[in-house]
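Let's take a walk through this protein together. Have the picture ready, and we'll begin with the molecule it holds.

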Amino acid sequence: MSTRRLLIIGGSDGGIMAALRARELDPDIDVTVMLADAYPNFSICGLPYLISGEVGHWRNLAHRTTADLEATGMTLALDTTAERIAATDHQVLARTASGDELTFDYDKLIVATGAVSARPPIAGLDRLGVSDGLHLLHTMGDAFAVQSTIEHRQPESAIIVGAGYIGLEMAEGLTTRGLQVTVIERLPEVLPTVDPQLGEVVRQQLTDNGVKVMTNTAVSALTKLDNGNLCVHTADDACHEAGLVLVVTGVKPDVDLAVSAGATLGYGGAIAVDRRMQTGAPDIYAAGDCVHTHHRLMPAPTYLPLGTTAHKQGRVAGENAIGGDTEFAGSLGTQVVKIFELVAARTGLKDIEATAAGYRPHTTAASPDDHKAYYPGSHPIDIRVTGDTTTGRLLGAQLVGHRHSEIAKRVDTYATALFHEMTAADVERLDLSYTPPLGSPYDAVQVAAQRWVADQRALSAPT
Ligand SMILES: Cc1cc2nc3c(=O)[nH]c(=O)nc-3n(C[C@H](O)[C@H](O)[C@H](O)COP(=O)(O)OP(=O)(O)OC[C@H]3O[C@@H](n4cnc5c(N)ncnc54)[C@H](O)[C@@H]3O)c2cc1C
């Protein structure tokens, strides 16, 4: 069937990218994007900076305005929630915010419903809500609710449950707003996406900036106190009191609609798609946080809910849904986060993940300077490089350093090397730039790779 009507459920990174790509390739295609709220193409990655006050107005978070999007020729159905996909009839049944029922016909459908905040098994989490000062953070509405609690209840303190990257961005954001922040994490170290040796550096940065950090601490329940504050109960029977509690323990793919249309589930309960972003259901594609993710270094899909990935998958889905033939190249899980004056980043696999993927990994640590030490303002960067001891292939890198040490672009050098299946020795040979105020003849990225190669030589030398 030729595609004349492309319907997309979801108006965030994945859905809008799909719509833009389809309209770009074929201006005659009728593209409709339906979204449950009124914020198409808003950067939810920027929510911590809206709450901190560094982004002055919520409208500034729009990647593109509604007018920009409509100027491309797409139709936006705002405040419209898809309730059912009638796959055999090629229809989606939806309801507007005012309760009206609508039916949308499609030739091809793209599901980009994203993810919802995980709700860990904490007693009281379902009973309490934003009016009690209890918050999740995934949507524009969630951010407005946090802003409202800060402005109207003026809490002096906040407890953040979860020390992943969103928890840490919010620790900084709420500290900036003048709240006394405590972060509670179940695992032994903060930022578990990097090795604990680097998590420890991040923890120090948090405490240096007045954030109280409690690790190895499980939250068992939440209750409301007579003074209006919330009590966060931990497994040791202690009650930690705060006026605002934010639970940010990850996300869960939003898959119910797609499943009801016949899509099957893959890794982590996300929608199974092939590299063309096609689900198992006829004429239905899916992209973004609702799908599992093909990884360039792993034999089977994984789940990596990231804006970078959602953008690329959306473009692939949009192109293929209108008759194109392209594939998602796969993710490396490249990510970066700023925590006060520090930046932490990773790409590829950590040791334990590499072992699970069938490699024989080894990880080495190095702390090269970001630029020549004789030029003022140099800082060491903590870098951990993981490579395969059998082939020498680079498998991953983790970096923590000063916010002015170009950590994001340095992790991208490793990501580029990983994408092209380079060895650690290849990284050492790259022709990278140098001037004393910004780098070294061998950049920090290369010094750490050299350390890995030297370690291998030492380990394999006859004793
Ligand atoms: C605070 C925060 C910070 C982040 N920071 C980063 C970062 O720095 N870097 C990074 O790479 N990633 C970051 N992410 C992750 C990134 O934002 C997500 O990976 C990305 O937004 C996923 O896009 P998506 O389109 O798949 O889904 P979502 O953004 O979850 O959007 C889902 C869309 O589907 C719509 N929808 C859902 N159900 C229905 C329905 N039934 N009917 C109609 N519409 C529906 C919603 O209204 C929404 O428009 C961050 C996320 C958060 C919450």
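Start at D13, where a polar backbone atom sits 3.2 Å from an oxygen atom of the ligand. Keep in mind as you look that this is a predicted model. Now hop along to A36: one of its backbone N or O atoms lies 3.1 Å from a ligand nitrogen atom.

How much of the ligand does the protein bury? On its own, the ligand would expose 1000 Å², and the protein buries 89% of that. Which elements give two or more residues to the shell around the ligand? They are the helices α1, α5 (165–176) and α8, together with the strand β4 (80–86).

Next, look at the shell as a whole. It's made of 33 residues, and the closest to the ligand are S12, G14, A82, D289 and L306. Sort the shell by class and you get 17 nonpolar, 12 polar and 4 charged residues.

Helix α1 covers residues 13–25 and helix α8 covers residues 307–321; they pack at an angle of about 35°, with their axes 7 Å apart. Which residues make this contact? From α1 come D13, G14, M17, A18, R21, A22, E24 and L25, while α8 brings G307, A310, H311, G314, R315, G318 and E319. By class, that contact has 5 nonpolar, 5 polar and 5 charged residues. As for handedness, α1 and α8 cross in a right-handed way.

Finally, go back to D13 and G14: both belong to the α1 side of the helix contact. G14 is also among the residues closest to the ligand, and D13 is where our tour began, with its backbone atom 3.2 Å from a ligand oxygen.

Terms used:
Residues are numbered from 1 along each chain as its sequence is written. This is a predicted model: local features need pLDDT of at least 70, side-chain atom pairs count only at pLDDT 80 or more; totals for chains, interfaces and linings use all residues. Side-chain values use heavy atoms; hydrogens and water are left out. Axes are lines fitted to C-alpha atoms, for helices over the stretch in contact, and angles run from 0 to 180 degrees between N-to-C directions. Helices (H or I, at least four residues) and strands (E, at least two) are DSSP runs, numbered from the N terminus. A crossing is left-handed if the near helix is turned anticlockwise from the far one by less than a right angle, and right-handed if clockwise. Contact means heavy atoms within 4.5 Å. Ala, Val, Leu, Ile, Met, Phe, Trp, Tyr, Cys and Pro count as nonpolar, Asp, Glu, Lys and Arg as charged, and the others, Gly among them, as polar. A residue is near a molecule or strand if one of its heavy atoms lies within 4 Å of it. A polar contact is a pair of N or O atoms within 3.5 Å; within protein, one must be able to donate a hydrogen and the other to accept it, and residues adjacent in sequence count only if both atoms are side-chain atoms. Accessible areas come from the Shrake-Rupley method with a 1.4 Å probe; for residues, only the protein chains shown count as cover.
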